[in-house]
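Please have the sequence and the structure open while you read this note. The points below go through a few local features in turn.

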Amino acid sequence: MGLTEWAYSLSESLLSDPLPRRWAHSLGVAKRARSLGPIMGDDAELLEAAAVLHDIGYSPTIATTGFHPLDGARFLRDHEKADERVVRLVAHHSCALLEAEERGLRQELEGEFELERPHLVDALLYCDMTTTPDGTQTTPAERLDEIVQRYGPDTIVGRFIQRAAPEIHAASKRVEGRLVQVSTDDQPM
Ligand SMILES: [Fe+2]
């Protein structure tokens with residue numbers, strides 16, 4: 001079984017029944033990952049696999065600490081013996097270190113999982129932050145507003161996402177810049 005085929009099948013088995021909206025979001029994030037194919041080169045499949053798996057830590061089957069990047073990455077590492085690049089991307093998706101700080105779990109997260117290469121970290125963040133909870137496309141600004149409203153500004157997630165906002169905007173701009181660069185390079189002379 002190929003990397004992406006395995007990833008879709010595993011994520012569906014963990015999310016689609018207990019958390020159908022989270023599954024729809026995950027499919028939307030994976031679709032965004034496919035759209036980044038032109039700037040991902042040999043990492044396109046890796047990004048798509050990480051995208052569809054990034055939120056499996058919400059699954060009641062594997063949620064243990066309640067901090068979904070850590071729960072998801074530990075499950076992939078220990079139970080699935082997954083490709084370590086996928087594990088790292090899930091562990092650190094969308095500024096997870098900042099949320100780990102809010103939860104007192106930063107040492108666990110960074111002690112157990114290294115960061116993947118920056119262009120992959122940026123790309124996964126971009127895919128997640130331009131996809132609504134229902135799996136449709138949105139902008140990082142709208143996504144941030146929605147998260148703050150859904151969780152409340154003075155909750156763990158609300159505080160985390162407001163602290164992460166500058167990096168979310170910066171990473172999104174870097175990805176958009178790479179997309180523009182590729183489309184410009186493609187123009188006939
Ligand atoms: Fe997530």
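1. In this predicted model, helix H2 passes helix H9 in a right-handed crossing. Helix H2 covers residues 20-35 and helix H9 covers residues 118-129, and they pack with their axes 8 Å apart at an angle of about 130 degrees.

2. On the H2 side, the contact is made by His-25, Val-29, Arg-32 and Ala-33, while H9 contributes Leu-124, Tyr-126, Cys-127 and Asp-128. Sorted by class, the contact between H2 and H9 has five nonpolar residues, one polar residue and two charged residues.

3. His-54 lies in the loop between helix H4 (44-53) and helix H5 (68-78). Is His-54 buried or exposed? His-54 counts as buried, because its relative accessibility is 0% and the cut-off for buried is under 20%.

4. Setting aside neighbours within four places in sequence, His-54 is in contact with His-25, Ser-26, Val-29, His-68, Val-90, His-93 and Asp-128. The side chain of His-54 is also joined to that of Asp-55 by a polar contact of 3.2 Å.

5. Most residues other than glycine have a negative phi. Ser-94, although not a glycine, has a positive phi of about 50 degrees, and Cys-95, also not a glycine, has a positive phi of about 60 degrees.

6. Ser-94 is found in the loop between helix H6 (84-91) and helix H7 (96-102), and Cys-95 is likewise found in the loop between H6 and H7. Ser-94 is buried with a relative accessible area of 6%, and Cys-95 is buried with a relative accessible area of 14%.

Methods:
Residues numbered from 1 in each chain as written. Predicted model: local features only at pLDDT ≥ 70, side-chain atom pairs only at ≥ 80, totals over all residues. Heavy atoms only, no water. Helix = DSSP H or I, 4+ residues; strand = E, 2+ residues; numbered from the N terminus. Buried < 20%, exposed > 50% of the residue type's maximum accessible area, 1.4 Å probe, protein only. Polar contact = N/O pair within 3.5 Å; in protein donor to acceptor, adjacent residues only side chain to side chain. Contact = heavy atoms within 4.5 Å. Axes fitted to C-alpha atoms, helices over the stretch in contact; angles between N-to-C directions. Left-handed = near helix turned anticlockwise from the far one by under 90°. Nonpolar A, V, L, I, M, F, W, Y, C, P; charged D, E, K, R; others polar.
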